Amino acid sequence: MILTVRDIEVTFRVGPLLNRRSILAVAGVSFDVAPGETFALVGESGSGKTTLANAINGLQDTSRGEVTFMGQRVDNSNPGEMKPLRRHMAMMFQDPVGSLSPRMKVGDLVAEPFRIHGIRINLQEETRRLLSLVGLSGDFADRYPHQLSGGQARRVGVARAIALDPKLIIADEPTAGLDVSVQGEVLNLLNDLRERLGLAMIIITHNLHVVHHVADRMAVMYLGRIVEAGETEGMFRAPAHPYTATLLSANPEPDPDKARNRISLPAEVPSLLARPSGCEFHTRCPWVQDRCAMDPPYTANGEMHRIACHYPLAPGARPPAKDRAL
Amino acid sequence: MSEAASRAYGSLRRILAEPLGMLGVVLVLLMIGGAVFADLLAAAEPNKISPRDRFLGPSLTHLLGTDQLGRDLFSRALHGGRIALSVALISTAASLAIGVVLGLIAGYGPRWLDNLMILLFDAIKSFPTVMLALALVTLFGPSLTAVMVVVVLVNVPGYGRIIRTQTLALKSAQFVTAAQSMGAGTVRVLRVHILPNVIGPLLILASMDIPVVVAIEAGLSFLGLGVRPPTPSWGAILNDGFTAIRDTPWIAIAGGLPIILITLGFTFLGETLRDVFDPRLKRQG
């Protein structure tokens with residue numbers, strides 16, 4: 001395993017001084033990433049995906065648990081200890097243009113990882129090589145970020161991420177803000193690079209098409225917890241957790257003739273300040289039963305497939321008719 | 001580098017295209033030229049006393065006349081420009097350097113350090129400039145250094161606050177987080193990613209502060225708290241002329257006119273810089 005995440009929690013303290021409350025943004029998450037594998041973290045906005053990524057990257061302190069990268073603990077480590085490991089772990093951020101320093105030229109942006117780690121090579125040559133690897137001509141080296149389109153900026157972000165030949169790339173919403181054709185290009189680029197360079201990837205997204213396209217395994221997050229994790233193919237075919245089933249049914253289908261079996265969810269996402277009792281999804285679950293509001297669900301810890309639900313769904317299950325008025 | 005040169009040339013053209021900017025550039029260059037080439041332009045020694053030539057009016061030999069000790073006022077005004085400009089440029093540069101560093105520390109550092117800096121800035125700001133100057137000069141004795149220290153103390157809080165606010169805004173920008181995730185240290189983040197994005201407006205403000213500094217130096221010298229006589233300073237010349245203003249107004253004019261010209265010059269230049277490069281600053285005034 002290149003990355004092991006064990007039961008990590010991230011707590012934020014919010015509110016005024018005298019009424020300080022802590023919220024659990026990531027509430028005990030565990031997963032592994034094998035070398036060369038693509039792992040997807042899926043969930044609604046606010047489900048703690050980005051916080052989790054930052055915690056793995058050491059940008060965010062954790063309040064519990066362990067993150068081990070290449071055999072070394074990286075949670076809550078100081079920047080000096082972490083720096084050599086950062087060569088092997090690259091991050092791509094949500095906003096393609098916003099993650100590029102506005103007063104730097106593309107050439108300098110791509111060369112930056114080498115400068116940070118004091119690697120002496122022919123930067124100009126290397127920059128050109130990296131730009132061509134992501135499908136940009138060498139002329140781009142002289143441009144400023146504001147002169148790039150979203151897709152071009154994303155490619156520059158990819159070039160920066162792969163510059164030091166990392167073992168793991170964490171990509172936060174790699175397709176956000178791009179139109180569909182460019183999304184496809186970027187995904188193909190990532191897939192292609194992964195095969196060529198043999199790197200592992202964590203993709204954080206709410207776009208299920210992306211997940212289906214690139215991920216080997218996936219985990220679905222709800223309120224900072226993983227509710228279901230397993231092989232992508234299997235989960236798309238037969239989601240076992242009601243929340244996964246709902247997410248998958250809400251995924252826009254490009255084929256208009258295909259029957260839509262959308263499961264709609266009642267109520268809002270609960271506030272992290274007031275987590276529901278028992279199974280935290282019970283306030284919205286179409287299959288909810290009495291026990292769900294009381295017992296936190298046992299996490300079925302199968303070898304490949306984990307589900308946090310008392311009553312996992314059979315393949316193709318439909319929600320029961322609504323006998324309760326909402 | 002040729003690209004930088006052509007960009008600088010382009011900026012200069014944009015400034016010169018504005019009538020006010022043109023006037024500002026001309027005035028500033030004139031004053032700087034006068035100060036730099038003072039020895040060539042004025043034949044007379046600025047401090048040479050000749051009692052026989054006291055209170056002479058402007059003439060071809062003494063373009064601005066002479067003062068109560070018979071010293072050539074044209075020469076004294078040009079040499080006074082050296083003092084005024086070097087005080088202005090050195091102390092503004094020092095204020096910028098200190099203000100930028102403190103502002104970056106306050107904006108990027110931990111919360112308690114930020115609060116400490118703000119307290120420091122506010123404490124300095126709470127003294128009226130003149131009181132602060134009087135206190136410091138009483139403490140250290142009148143000298144050019146004391147004047148510069150006063151100017152730096154007066155300017156640093158303002159510069160520091162501007163840099164702090166902008167740093168605070170950029171601290172959590174995604175490109176800063178991106179640099180951190182690559183392993184960039186604090187110094188690199190501040191120098192490469194934050195500084196270039198916060199320094200622009202400050203340079204414009206600093207150019208508009210130069211006339212203020214000139215006025216502080218002249219004011220302190222006028223009060224006898226700046227340079228020691230007989231060193232020529234515009235404020236000191238003004239003071240010399242002040243007592244005899246009814247009979248020989250040219251002495252006060254020789255001290256006052258350059259102050260007016262340099263103030264106008266830098267103000268026009270600064271305002272044009274602001275309008276051309278950062279129109280957003282216009283309203284804050």
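**Exercise 1. The hairpin of chain A**

Determine how many residues lie between β1(A) and β2(A) in their hairpin, and which residue in the turn has a positive phi.

*Solution.* In this predicted model, the hairpin formed by β1(A) and β2(A) has 6 residues between its strands. In the turn, Gly15(A) has a positive phi of about 95°. Next, consider the pairing: β1 spans residues 3–14 of chain A and β2 spans residues 21–33 of chain A, and 10 bridges join these antiparallel strands. Within this pairing, Leu24(A) of β2(A) is the residue opposite Thr11(A).

**Exercise 2. Two helices of chain B**

*Solution.* Residues making the contact include Trp234(B), Ile237(B) and Phe242(B) of α10(B), together with Ile251(B), Pro258(B) and Ile259(B) of α11(B). Sorted by class, this contact has 9 nonpolar, 3 polar and 1 charged residues.

**Exercise 3. Chain A against chain B**

State how many residues of each chain are in contact with the other, and describe by class the side of chain A that touches chain B.

*Solution.* The contact involves 18 residues of chain A and 15 residues of chain B. On the chain A side, α2 (79–86) and α3 (106–116) each supply at least two residues. By class, that side of chain A has 8 nonpolar, 5 polar and 5 charged residues.

Key. Residues numbered from 1 in each chain as written. Chains lettered and ligands numbered in written order. Predicted model: local features only at pLDDT ≥ 70, side-chain atom pairs only at ≥ 80, totals over all residues. Contact = placed C-beta atoms within 7 Å. Helix = DSSP H or I, 4+ residues; strand = E, 2+ residues; numbered from the N terminus. Nonpolar A, V, L, I, M, F, W, Y, C, P; charged D, E, K, R; others polar. Pairing = 2+ DSSP bridges.
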